[in-house]
Amino acid sequence: MTTRIPTSTSLTESAVIAVPLAQVWHLIKLQDFHKFWSKLEKSDFVKGTSPETDVVQWTFKDGTVLDVKQEEHSTIDHYITYSVIASTPALTYSSVISTVRCFAVTSGANEGSTFVQWSAHFSSDADAGVIEDARFKRKEALADLASVAVKK
């Protein structure tokens, strides 16, 4: 009998990137994630979806393909929320919704930098392996984002 390891189905990773908010924020568009995330081969809008819906297909270098739907976007509060609506190969859990949020650091040693937070909320059928894989990928992507942003 296999027993699941109880685990939180939410995670948040963050980073302080040593450039102003505007330099980071312009990279935070679903269709542009391939411009900083080294694991992504390409990201393209999915044609044929409704005019009110933004769906972008992320093709990863390992062959995984995710269709991600923009659920929320704020240029005032500097965040984007998206969900995975399709995956090849199929996901081992029912759903995930993620948010990337950027904040200007306005005082202290990191003044003028950007604090970036990338969270995810998985359905209750996601196991510990899924959560840890997502944690690792977000850490890696945030490092990639920092690397690209400081070069701009």
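**Group meeting: salt bridges and the main pocket**

Okay, so the structure holds six salt bridges, meaning a side-chain nitrogen of Lys or Arg within 4 Å of a carboxyl oxygen of Asp or Glu. Before I go on: this is a predicted model, where local features need pLDDT of at least 70 and side-chain atom pairs count only at pLDDT 80 or more, while totals for chains, interfaces and linings use all residues. Residues are numbered from 1 along each chain as its sequence is written, and side-chain values use heavy atoms, with hydrogens and water left out.

Let's start with glutamate 13 and arginine 135, whose closest N and O atoms are 2.8 Å apart. Glutamate 13 sits in strand 1 (residues 10–17) and arginine 135 in helix 2, so the pair ties together parts 122 residues apart in sequence. Helices (H or I, at least four residues) and strands (E, at least two) are DSSP runs, numbered from the N terminus. Glu13, Glu132 and Arg135 are also linked in a network of salt bridges.

Next, lysine 137 and aspartate 133 form a salt bridge, 2.8 Å from N to O. They're four residues apart in helix 2, so about one helical turn separates them.

Both turn up again at the largest pocket: Asp133 and Lys137 are among the residues nearest its centre, along with Leu66, Leu91 and Tyr93. By pocket I mean, on a 1 Å grid over the protein atoms alone, an open set of points where a 1.4 Å probe fits, with protein on both sides within 12 Å along at least five of seven lines; lining residues have an atom within 4 Å of a point. Helix 2 gives the most to that lining, with five residues.
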